[in-house]
Amino acid sequence: MDTNGFQSAPVLWFDAECLICNRSIQFILKYEKDSRLKFGALQSDPGQTLHQTLFKNGPLESMIYLSSDGELSHSSDALIAVSSHLKAPWSYLRWLRWIPRKVRNLLYRQIARNRHRWNRKSASCTIPTPEMRVRMVS
């Protein structure tokens with residue numbers, strides 16, 4: 001499944017209108033061990049198509065990770081997949097996969113459902129850095 005046009009590069013699709021999501025991308029850029037990971041906004045046409053494929057008409061409540069071999073992960077599985085791109089000790093987050101998915105995703109959904117309310121409490125706006133803009137797919 002070549003939904004990103006960058007089949008050789010893994011892509012993390014995220015809600016570009018979410019401050020928590022944008023800060024997560026900044027965190028990844030700061031602690032990544034390589035620069036292979038690309039980023040895509042779920043609001044873009046390919047992001048919308050990918051989201052519709054997985055969630056039909058559901059709200060944007062999940063990051064989606066598309067591996068270089070075309071494997072899709074979402075919610076807590078996406079975050080665990082992204083941890084493989086991070087330096088230690090953050091790469092150890094991959095061990096969270098031993099927590100049952102149902103439990104991990106319950107926590108993930110709680111954060112996802114409340115993130116816009118928490119975003120309103122912060123007046124800051126995230127402007128993509130040049131490093132982030134270069135690695136964006138559309």
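In this predicted model, S62 sits in the loop that runs between helix 2 and strand 3. Is this serine buried or exposed? With a relative accessible area of 8%, S62 is buried, because the cut-off for that label is anything under 20%. Which residues does S62 touch once its neighbours within four places in sequence are left aside? The contacts of S62 are then with L42, F55, H74, S75 and Y108.

An α-helix has 3.6 residues a turn, so residues three or four places apart point the same way. Just after helix 2 comes K56, whose phi is positive, at about 55 degrees.

Attention now turns to the empty space in the model. Rolling a probe the size of a water molecule over the atoms shows where such space is left. The largest pocket holds about 680 Å³ of space. Its lining is made up of 27 residues, and those nearest the centre of the pocket are S24, M63, L79, Y108 and I111. Helix 1 (19–31), helix 3 (76–83) and helix 4 (101–120) are the elements that each give two or more residues to this lining. Which element supplies the largest share of the lining? That is helix 4, with seven residues. Sorted by class, the lining of the largest pocket has 19 nonpolar, four polar and four charged residues. Y108 links two parts of this account, as this residue is in contact with S62 and is also among the residues nearest the centre of the largest pocket.

Stepping back to the whole chain, five helices and five strands are found. Read from the N terminus on, these elements follow the order β-α-β-α-β-β-α-α-α-β. The chain has 138 residues, and 38% of them count as buried. Among contacts between residues at least 6 apart in sequence, 69% join residues that are at least 24 apart.

Terms used
Residues are numbered from 1 along each chain as its sequence is written. This is a predicted model: local features need pLDDT of at least 70, side-chain atom pairs count only at pLDDT 80 or more; totals for chains, interfaces and linings use all residues. Side-chain values use heavy atoms; hydrogens and water are left out. Helices (H or I, at least four residues) and strands (E, at least two) are DSSP runs, numbered from the N terminus. On a 1 Å grid over the protein atoms alone, a cavity is a set of points where a 1.4 Å probe fits but cannot get out, and a pocket is an open set with protein on both sides within 12 Å along at least five of seven lines; lining residues have an atom within 4 Å of a point. Grid points are joined across faces, edges and corners, and a volume is the space filled by probe spheres set on the points. Ala, Val, Leu, Ile, Met, Phe, Trp, Tyr, Cys and Pro count as nonpolar, Asp, Glu, Lys and Arg as charged, and the others, Gly among them, as polar. Buried means under 20% relative accessible area, exposed over 50%, partly exposed in between (1.4 Å probe, protein chains only). Contact means heavy atoms within 4.5 Å.
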